[in-house]
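Please open the structure in a viewer and keep the selection tool at hand.

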Amino acid sequence: MVQARTRSWDPAACTGCGAVSEWIHSRYVRQLADATVGSRPVRIDLSVRRLYCENPACPKVTFAEQVSGLTVRYQRRTPLLQQLVEEVSVVLACRGGSRMLSILNITLSRSTVLTQLMRVPLPPLVTPRVLGVDDFALYGDTYGTLLVDATTRLPLTLWEGRDAEQLSRWLREHPGAEITCRDGSLTYRRASPTAPPTQSRSATASTSGRACPGAFRTSPPPTAAACPKRSPPCPRRVGARQDSE
């Protein structure tokens, strides 16, 4: 356990309006969990100030000071530990992430790890050069549409339904896809002519490969003359025992 205390004469900025204040209201102790040191859990007991906001237009009457690099509002973990939890949750998800953190002597339930995973902001969407479009069944007769990057095989987005208007709207809002790989559905085929003119013609391929055989076979099938001839059967060894004996 590490005990620390902030300075009493340093001004702090209000978390609501940003005005600087030195008018101290009180103090309280924040307990922060930090990354392990030598496989041992670390807890920081930090004494921080609660100050009055001197800006009369600010809706906040008092505010708690924040220490840069150590505290975050409404957070009981340091930024270092929070980054570790988020990275583990992204790689291993809830159950596996909880087990990995327990090896590091960081006790978190799988529900907490899943909650931290859901709070991780998504990376900015980059329109791929080769876009994959396919549908899937959610339940019963309700279907959804899935868009993936055909090069990296990573999902981009999904939505409920499989109509051409939604796909056309997405293509107009995210220009840059040169090739669209889709199944043989007539619905997705109708969305391609309404795409921006910068896109090339979509390459249609069904799941079984019958809709676009040229995309999977670049050479003609071998003829009978090109196939190697069967070799004659090997002669039986002299003196081999017959099966009837």
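Select Ser47 and display its surroundings. In this predicted model, Ser47 touches Ala4, Arg5, Thr6, Arg27, Tyr28 and Val29, when residues up to four places away in sequence are left out of the count. Ser47 itself belongs to strand E5, which covers residues 40-52. Is Ser47 buried or exposed? Ser47 counts as buried because its relative accessibility is 11%, under the 20% limit.

Next, select residues 130-139, which make up strand E7. Two partners of strand E7 can be visited in turn.

Begin with residues 142-149, strand E8. Strands E7 and E8 run antiparallel and are joined by eight bridges. To see one of these pairings, select Asp134, whose bridge partner in E8 is Leu146. Then follow the chain from E7 into E8: the two strands form a hairpin, with two residues between them. Within the turn, select Gly140, where phi is positive, at about 60 degrees.

Now turn to residues 179-182, strand E10. How many bridges join E7 to E10? There are four, and these two strands run parallel. Select Val133 to find a residue of this pairing; Arg182 in E10 stands opposite Val133.

The following stop concerns the cysteines. A disulfide is a covalent bond between the sulfur atoms of two cysteines. With a cut-off of 2.5 Å between sulfur atoms, the count of disulfides comes to zero. Select Cys14 together with Cys53: Cys14 is in no disulfide, and its nearest cysteine sulfur, that of Cys53, is 3.7 Å away. Cys14 counts as buried, because its relative accessibility is 5%.

Finally, clear the selection and view the whole protein. The secondary structure comprises four helices and 11 strands. The protein has 245 residues, of which 28% count as buried. Among contacts with a separation of 6 or more, 46% are between residues 24 or more positions apart.

Notes. Residues numbered from 1 in each chain as written. Predicted model: local features only at pLDDT ≥ 70, side-chain atom pairs only at ≥ 80, totals over all residues. Heavy atoms only, no water. Buried < 20%, exposed > 50% of the residue type's maximum accessible area, 1.4 Å probe, protein only. Contact = heavy atoms within 4.5 Å. Pairing = 2+ DSSP bridges.
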